[in-house]
Amino acid sequence: LVGTFYQSAKPGSPPFVKEGDTIELGQIICIIEAMKIFNEIESEVSGKIVKIIPTDSSPVEYGQVLMLVEPS
């Protein structure tokens, strides 16, 4: 998807995940807004979030790395 990266569901809400959090397979980790459609992005692995690459509300491109995860 080409769109805008959001760490939370709406401004002022806590982020879905933070660096250091443990995530599960299928957990929602962020939202990508493309053409006014908000797409929930689910984790493809279980593990620990090592780094979140894009900043909140920044543009992202197809194939761009969003987060580095240490698999469990």
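Predicted model: local features only at pLDDT ≥ 70, side-chain atom pairs only at ≥ 80, totals over all residues.
Local features are reported only where pLDDT is at least 70 and side-chain atom pairs only at pLDDT 80 or more, whereas totals for chains, interfaces and linings use all residues. Residues are numbered from 1 along each chain as its sequence is written, and side-chain values use heavy atoms, with hydrogens and water left out.

Strands are DSSP runs (E, at least two residues) numbered from the N terminus, helices being runs of H or I of at least four residues. Two strands are taken to pair if DSSP finds at least two bridges between them. On this basis, an open sheet is formed by 3 strands in the order S2-S5-S7, with antiparallel pairing. Strand S2 (22–23) and S7 are the edge strands, each pairing on one side only. S2 and S5 run antiparallel and are joined by 2 bridges; isoleucine 23 has glycine 47, in S5, as its bridge partner.

A further antiparallel pairing, over 6 bridges, connects S3 with strand S4 (residues 37–42). Within this pairing, cysteine 30 is bridged to isoleucine 41 of S4. S3 and S4 form a hairpin with 2 residues between them. Methionine 35 is located in the loop between S3 and S4, and lysine 36 is placed in that loop as well. In general, most residues other than glycine have a negative phi. Methionine 35, however, has a positive phi near 55°, and lysine 36, although not a glycine, has a positive phi of about 70°. Relative accessible area was used to classify residues as buried (under 20%), exposed (over 50%) or partly exposed (in between), with a 1.4 Å probe and protein chains only. Methionine 35 is exposed because its relative accessible area is 76%; lysine 36, at 73%, is likewise exposed.

The largest nonpolar core comprises 11 residues: Phe5, Val17, Ile23, Ile29, Cys30, Ile32, Ile49, Ile52, Val60, Leu66 and Met67. Such a core is a set of buried Ala, Val, Leu, Ile, Met, Phe, Trp, Tyr and Cys residues joined through side-chain atoms within 4.5 Å. At least two residues of this core are supplied by each of strand S3 (28–34) and strand S5 (47–52). The largest share, 3 residues, comes from S3. In soluble globular proteins, nonpolar side chains tend to be buried together.

A salt bridge requires a side-chain nitrogen of Lys or Arg within 4 Å of a carboxyl oxygen of Asp or Glu, and a search of the whole structure finds 1. Aspartate 21 is partly exposed, with a relative accessible area of 23%, and lysine 18 is partly exposed at 48%.

A search of the whole structure also finds 1 aromatic pair. Rings of Phe, Tyr and Trp (its six-membered ring) pair if their centres lie within 6.5 Å, with planes under 30 degrees apart counted as stacked, over 60 as edge-to-face and the rest as tilted. Tyrosine 6 and phenylalanine 38 form a tilted pair, with 6.3 Å from centre to centre and 40° between the planes. The pair links distant parts of the chain, as tyrosine 6 belongs to strand S1 and phenylalanine 38 to strand S4, 32 residues apart. Tyrosine 6 is partly exposed, at 24% relative accessible area, whereas phenylalanine 38 counts as exposed at 54%.

Serine 8 lies in the loop between strand S1 (3–6) and S2 and is buried, with a relative accessible area of 12%. A polar atom of the serine 8 side chain is 3.1 Å from the backbone oxygen of lysine 10. Residues up to four places away in sequence being excluded, serine 8 touches Ser13, Pro14, Pro15, Phe16, Ile31 and Asp56.

Proline 71, by contrast, is exposed, with a relative accessible area of 59%, and is found in strand S7 (residues 67–71). With the same exclusion of residues up to four places away, proline 71 touches Ser46 and Gly47. The C-alpha atoms of proline 71 and valine 45 are separated by 6.6 Å, although the two residues are 26 apart along the chain.

Definitions and conventions:
Contact = heavy atoms within 4.5 Å. Polar contact = N/O pair within 3.5 Å; in protein donor to acceptor, adjacent residues only side chain to side chain.
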